[in-house]
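Subject: Structure handover

Hello,

Here is the structure for your files. Please open it next to this email as you read.

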Amino acid sequence: MFTHFQFAELAAAAWCGPALHAAGVHVSITGSAARPQYGVHYFVAQAGTEHGWVSHFACGLSCPFAAIAAAVAHYTQAAKEQAAGVVMLAEAAEGHAARVLSAAEQAFSGAPAQEPAPEVVCVVCEEGRDALGQCRCCYSPAPQLVAHAA
């Protein structure tokens, strides 16, 4: 399904844990062309470990998307057990990976691209925020501005 390079690019794009200078990714595709097995190892720098790195991995899965998601989930679980302050980073990593994998699956399926749903939605107008953090209820419609100016 994927070449080694494509799989490596997708695995790197799905990573949203510690910055890349403190992490690395290694992917493998084994087995026959008819039944490939995908593996992902995310290496995260961590002081106090034997080699200075901790590996979070998933190996031998027949779906490349599942292999990446499982490796990120392994990191998330380890981070949650490690320290309370890392939990938000770990959950953000899992959410980022899910969005990247979903977009890749959709692109490879040939389905038309969909606009991703906004992550933060206003409870009043049920609209996503723009680049300035504003929604529809934060803006005055143009006719109201003209009426106030007159």
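My notes on it follow, from the overall fold down to single residues.

This is a predicted model: local features need pLDDT of at least 70, side-chain atom pairs count only at pLDDT 80 or more, and totals for chains, interfaces and linings use all residues. Residues are numbered from 1 along each chain as its sequence is written, and side-chain values use heavy atoms, with hydrogens and water left out.

Overall fold

The protein has four helices and three strands. Both are DSSP runs, numbered from the N terminus: helices are H or I with at least four residues, strands are E with at least two. From the N terminus on, the order is α-β-β-β-α-α-α.

Of the 150 residues, 26% count as buried. Buried means under 20% relative accessible area, exposed means over 50%, and partly exposed lies in between (1.4 Å probe, protein chains only). The protein exposes about 9600 Å², and carbon and sulfur atoms supply 61% of that area. Areas come from the Shrake-Rupley method with a 1.4 Å probe; for residues, only the protein chains shown count as cover.

Contact means heavy atoms within 4.5 Å. Take the contacts in the protein with a separation of 6 or more: residues 24 or more positions apart account for 39% of them.

Helices H1 and H2

Two packed helices are described by the angle between their axes and the distance between the axes. For H1 (residues 4-14) and H2 (residues 64-82), the axes come within 10 Å and cross at roughly 35°. Axes here are lines fitted to C-alpha atoms, for helices over the stretch in contact, and angles run from 0 to 180 degrees between N-to-C directions. The crossing of H1 and H2 is right-handed, that is, the near helix is turned clockwise from the far one by less than a right angle. H1 contributes Phe7, Leu10, Ala11 and Ala14 to the contact, and H2 contributes Pro64, Phe65, Ala67, Ile68 and Val72. By class, that contact has nine nonpolar, no polar and no charged residues. Ala, Val, Leu, Ile, Met, Phe, Trp, Tyr, Cys and Pro count as nonpolar, Asp, Glu, Lys and Arg as charged, and the others, Gly among them, as polar.

The buried residues of H2 are Pro64, Phe65, Ala67, Ile68, Ala71, Val72, Tyr75, Thr76 and Ala79. The length of H2 also checks out: at 1.5 Å a residue, its 19 residues should span 27 Å, and its end C-alpha atoms are 27 Å apart. The expected span is 1.5 Å times one less than the number of residues.

His41 lies in strand S2 (residues 36-45). Leaving aside neighbours within four places in sequence, His41 is in contact with Gly24, Val25, His26, Ser55, His56, Phe57 and Cys59.

His26 is in strand S1 (residues 23-31). His26 is partly exposed, because its relative accessible area is 44%. With residues up to four places away not counted, His26 touches Gly39, Val40, His41 and Phe43.

Ser62 sits in the loop between strand S3 (53-61) and H2. At a relative accessible area of 58%, Ser62 is exposed.

Best wishes
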